[in-house]
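Hi,

Here is the structure I promised to pass on.

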Amino acid sequence: MHNPGNATPETPGISDRFPAQERLADGAQFIAGRLTKGTSGRTHAVVDPSTGEEVYTYELAGPADVDAAVAAARAAFPGWAATTPGERSDALHRFAAVLAERAEEFARAESLQCGKPLKLTREFDVPGTIDNTAFFAGAARHLQGQSAGEYSGDHTSYVRREPIGVVGSIAPWNYPLQMAAWKILPAVAAGNTIVLKPAELTPLTSLLFAQAATDAGIPDGVINIVTGTGKEAGEHLVGHPDVAMTSFTGSTAVGKRVAEIATATVKRIHLELGGKAPFVVFDDAELDAAVNGAVAGALINTGQDCTAATRAYVQRPLYEAFVEKTAALMETVRLGDPFAAGTDLGPLISHVQRDRVAAFVDRARAYARVVTGGETPEGELAKGAYYRPTLVADAAQDSEIVQSELFGPVLVVLPFDSDDEGIALANDTPYGLAASAWSRDVYRANRATREIKAGCVWVNDHIPIISEMPHGGYKASGFGKDMSSYSFEEYTQIKHVMFDNTAVARKDWHRTIFGDR
């Protein structure tokens, strides 16, 4: 963290902030290996949320574009599925190399469209995506079935893992590059082809990602991007009869709609939905470490992260000190131009999202204490979708700000007395994506990891992820895993193969059913 105040902007020009813009000059639909313009008849602008400036305008996809992308993916599927694991692995290794060569282009495009500090995209989003690509390049060579042996007399059985077909995926706006990778890589590594619909607010890096894959030698039609609205392009993609699987990341409410549409064609569904991560601090925790973890965990990506620390439960002996120290640390966080070296925190994705977060905090003033923040900055930053880091204390467990997903730089702190109460409060929301427990007692921490109902529980840390381990939720946070070998398996289907080893056995089985003939 840095000194309080606003970071001094560097005010780079659009060519400096978006050096890859010429790569996307031909449109925002990537179908069968080339960029095209959408056919909906409507345009949409990508807006820099730090300034409100329009930086890229494109034609939205309509149903016809979705149909064309699905047809391209379907045509490419037999050839791609027939490649060997080694060939797919080699292609993905080349892909990782191209991403590494273009890392700065990706980092700047991601910062521009999302408002993320450039240091975050350089050190987290882009390296994480390259690492994930390298991981699935290796995983492609481990698409294993299982030898089951002779479980039924003279019959030998084994299990095959096979690709599913065309995957239709929908990604959110908060981590557009990483979410594109999480959707595309395991699907393609397993031999599937894919149509991805990124959020219309943030399509730039998804399109650049697909271009890089093609430049690395992945065949045309294996990876396709359609950029349109959820209502028009997204629902058409989910309901398309030639799409065999749907993967969606976003809100629980929209996830329910996705599941409803997908059910009509009985396709496989993978859902990573909302979160309201608890941050449980026991009274033996290292206080300063917990405070630093809470501020970092709550403010990552301006709080627009489904695993962000949003509910801090602090055992009463540490409660007041935690509130005081956390507020003081939040007040040192520097808001500013995402491209300025001193910026800690960028804007929210849009003024609409900023106003939504502000409304939650304003309503909370009637029943809780806003310790710090709770306001938009003045001056030059007022043009952007900025909101100051906010700490809310003493809210009731059943209040709106505790139970609902805000997706902003807001941390709510509540006290608890016994360990039983702390764990019960942590579990007392519909969500179960991520959580953390802070304690120097290994038995206490282990109990928390066992009893907190979430897909990931960190101990004495909050937010890091790695390609080798799964990410996914419990309860209303969805089902299915991203990253890791568990994700790889999500994009395969299992086939039992059974051999009759003797003609006699076959004749006897025939006689059992039909009698002597």
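What covers the buried residues of α15? The cover includes β13 (309–315), α14 (419–426), β18 (434–438) and β19 (456–459), with contact meaning heavy atoms within 4.5 Å. Helices (H or I, at least four residues) and strands (E, at least two) are DSSP runs, numbered from the N terminus.

Before the rest, the ground rules: this is a predicted model, where local features need pLDDT of at least 70, side-chain atom pairs count only at pLDDT 80 or more, and totals for chains, interfaces and linings use all residues. Residues are numbered from 1 along each chain as its sequence is written, and side-chain values use heavy atoms, leaving out hydrogens and water.

Back to α15 (residues 442–451): R444, A445 and A448 are its buried residues (under 20% relative accessible area; exposed is over 50%, partly exposed in between, with a 1.4 Å probe and protein chains only). Seen down the helix axis, they fall within an arc of 95°, so they line one face of α15; the arc is taken from the directions from the axis to the C-beta atoms. V442, Y443 and R450 are exposed on the other side.

Two loop residues may also interest you. Most residues other than glycine have a negative phi. V266, between α9 (252–263) and β11 (268–272), has a phi near 50°, and counts as exposed at 72% relative accessibility. F407, between α13 (400–403) and β16 (410–416), has a positive phi of about 60°, but counts as buried at 17%.

Best wishes
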